[in-house]
Amino acid sequence: MIQIGCTSFKEHTFLTGKKETSLFEYAAHFPLVEMDTSFYAIPKQAYVKEWLKQVPEAFQFIMKLPKVFTKHEELTGDTSLTELAAELLESVRPMVEQDHLFCLLAQFPPFFDCKRENVDYLRKLRQLFPATPIAIELRNNSWYDPSLVEQTRDFMQEQNFSLVIVDEPKKLSTTIPFDDYVTNPEFIFFRFYGRNDVGWNATGPDAKRLRTNYRYDNDELTELKEAVTNAQKQGKKVAVIFNNNAGGDAAENALQFKDLLQLDFENLNPSQLDLF
């Protein structure tokens with residue numbers, strides 16, 4: 001089964017013509033969303049329950065792990081990672097119980113390179129969440145060095161991690177290669193950033209806007225379709241997230257990709273046109 005969605009649900013003007021789209025409106029178009037709210041803070045369970053009220057029965061959430069778990073922020077205070085992991089799991093418990101959690105996403109920063117200390121940390125992360133599906137996104141290409149990539153894949157398989165398959169700019173030496181090796185057949189995760197070679201390494205206040213300002217053309221989507229179709233043959237379920245939304249292109253590209261794959265998303269929320 002292939003499911004397609006976008007990062008966040010609010011910013012997709014293409015879907016509704018409005019500056020902000022509600023989760024209910026978003027779920028009339030897609031069966032999957034990646035939530036980055038949890039990256040900044042563990043959401044209150046009351047918020048999680050409210051999200052669940054707005055989506056249909058089969059809708060799936062990908063929840064980003066809070067940044068303290070992915071080395072973006074140092075652990076401070078008296079609370080341990082073990083305690084924070086328990087707090088997060090309690091927060092998303094309704095999501096798990098109602099089968100709405102696709103996975104947790106651990107998105108590591110570019111300085112998280114391939115060395116023993118970081119490999120050991122990934123083992124610790126699995127110990128913190130022993131029974132939870134976790135996808136790992138590595139943003140330092142040392143993990144994909146020809147001399148190490150097989151060990152990286154083997155390690156991800158050993159730990160039951162799904163190594164995120166990313167599509168990024170192709171002409172830069174610092175980006176992650178498109179490696180469609182499946183490390184966990186239980187769930188496979190593709191993440192499409194776009195291929196903005198010029199904007200990818202931008203700095204300054206507009207850096208985030210430039211980085212993912214990209215619209216995939218039909219040839220590129222067709223190329224990605226082949227990889228997703230091949231992955232589907234190797235696993236139970238596949239998630240595809242479009243993150244190329246700096247210019248508002250993610251939702252439109254995601255719907256185009258759905259059509260290319262000839263998918264029919266059933267049991268979505270009713271759209272405004274369906275209400276009468």
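The model is a predicted one, in which local features need pLDDT of at least 70 and side-chain atom pairs count only at pLDDT 80 or more, while totals for chains, interfaces and linings use all residues. Residues are numbered from 1 along each chain as its sequence is written, and side-chain values use heavy atoms, with hydrogens and water left out.

Helices (H or I, at least four residues) and strands (E, at least two) are DSSP runs numbered from the N terminus, and two strands pair if DSSP finds at least two bridges between them. An open sheet with parallel pairing is formed by 9 strands in the order β6-β5-β4-β3-β2-β1-β9-β8-β7. Because β6 (161–163) and β7 (165–167) stand at the edges with a single partner strand each, one side of each is left without a neighbour in the sheet. Strand β7 is joined to the parallel strand β8 (residues 188–192) by 3 bridges, and D167 stands opposite F192 in β8.

Helix α7 (residues 116–128) has 13 residues, which at 1.5 Å a residue should span 18 Å, the expected span being 1.5 Å times one less than the number of residues; its end C-alpha atoms are 19 Å apart, which agrees. In α7, N118, V119, Y121, L122, L125, R126 and L128 are buried, that is, under 20% relative accessible area, where exposed means over 50% and partly exposed lies in between (1.4 Å probe, protein chains only). On the other side of α7, R116, E117 and Q127 are exposed. The buried residues of α7 pack against α5 (81–91), β4 (101–107), β5 (134–137), α8 (149–158) and β6, contact meaning heavy atoms within 4.5 Å.
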